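Please open the model in a viewer and keep the selection tool at hand. The stops below are meant to be followed in order.

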Amino acid sequence: MAAEAEVLDELHRLRARVPQLTGALAASVDGLVLAQDTPGVEPEGVAALTAAVLGVATRMTDATGRGDFRELLVRGADGYVATYAAGSSAVLTLLAQDRINVGRLHLEGRRAGTRIGELVDAAAALPREPAPKPAPKTTTKPAPTRTRTTRTPRTARATTRTPPFTTPTASPNTPTTSES
């Protein structure tokens, strides 16, 4: 992705502005990590869980007639997990300490989500360079050669045949025994 470095810079700036953030992750809506700053947390797992939660949250907003998904906040015993829409194809997930000001979390999370969404959507809209065409494959196999065999005419063929069954005959040098 062309915007990966810019998205990562945005995550670093966000964490610098809000010291109570313990992690920040931008992911595609399919659960693939786009950029992450999540020390001590497995980013691929968080991105996959974010995609699963996003699916449920989107269905919830649709079923209740609340419009498009915007954000989701989960509070655990040791802090918060907040997920924000980031354009049409990405989401921003923030991990925060329990002592964070939730209003500030939302303010900064929404701003960062908007900025990351712009970066990701702009990168997706750029025309991609066509992949170089592979060189035509040349075969190194030699062309098949045909050999022509000449046939002997039927009349010229030898017709030597041996009888299929022969009975043994005594040869003149074979001694014979006689009974007396």
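**A buried glutamate**

Begin by selecting Glu108 and Arg17: in this predicted model, their side chains make a polar contact at 2.8 Å. Glu108 belongs to helix α3. With a relative accessibility of 6%, Glu108 falls under the 20% limit and therefore counts as buried. Setting aside neighbours within four places in sequence, Glu108 is in contact with Leu14, Arg17 and Val18.

**The sheet**

Next, display the strands. They form an open sheet of 5 strands in the order β2-β1-β5-β4-β3, with antiparallel pairing. Because β2 and β3 (71-76) each have a single partner strand, they stand at the edges, and one side of each has no neighbour in the sheet. From one strand to the next, the twist averages 10°.

Now select β1 and β5, which pair in the antiparallel sense over 7 bridges. Leu21 stands opposite Ala96 of β5.

**The nonpolar cores**

Select Val7, Leu21, Leu92, Leu94, Leu105 and Ile116, the residues with the most contacts inside the largest nonpolar core, which has 25 residues. At least two residues of this core come from each of α1 (4-17), β1 (21-28), β2 (33-37), β4 (79-86), β5 (90-97) and α3 (102-125). The most come from α3, which gives 6 residues.

Centre on Val7. Beyond neighbours within four places in sequence, Val7 is in contact with Ala26, Ala35, Ile116, Leu119 and Val120. Finally, select Leu25, Ala27, Val46 and Val91, which are among the 8 residues of another core, apart from the largest one.

Terms used: Residues are numbered from 1 along each chain as its sequence is written. This is a predicted model: local features need pLDDT of at least 70, side-chain atom pairs count only at pLDDT 80 or more; totals for chains, interfaces and linings use all residues. Side-chain values use heavy atoms; hydrogens and water are left out. A nonpolar core is a set of buried Ala, Val, Leu, Ile, Met, Phe, Trp, Tyr and Cys residues joined through side-chain atoms within 4.5 Å. Buried means under 20% relative accessible area, exposed over 50%, partly exposed in between (1.4 Å probe, protein chains only). Helices (H or I, at least four residues) and strands (E, at least two) are DSSP runs, numbered from the N terminus. Contact means heavy atoms within 4.5 Å. A polar contact is a pair of N or O atoms within 3.5 Å; within protein, one must be able to donate a hydrogen and the other to accept it, and residues adjacent in sequence count only if both atoms are side-chain atoms. Two strands pair if DSSP finds at least two bridges between them. Axes are lines fitted to C-alpha atoms, for helices over the stretch in contact, and angles run from 0 to 180 degrees between N-to-C directions.
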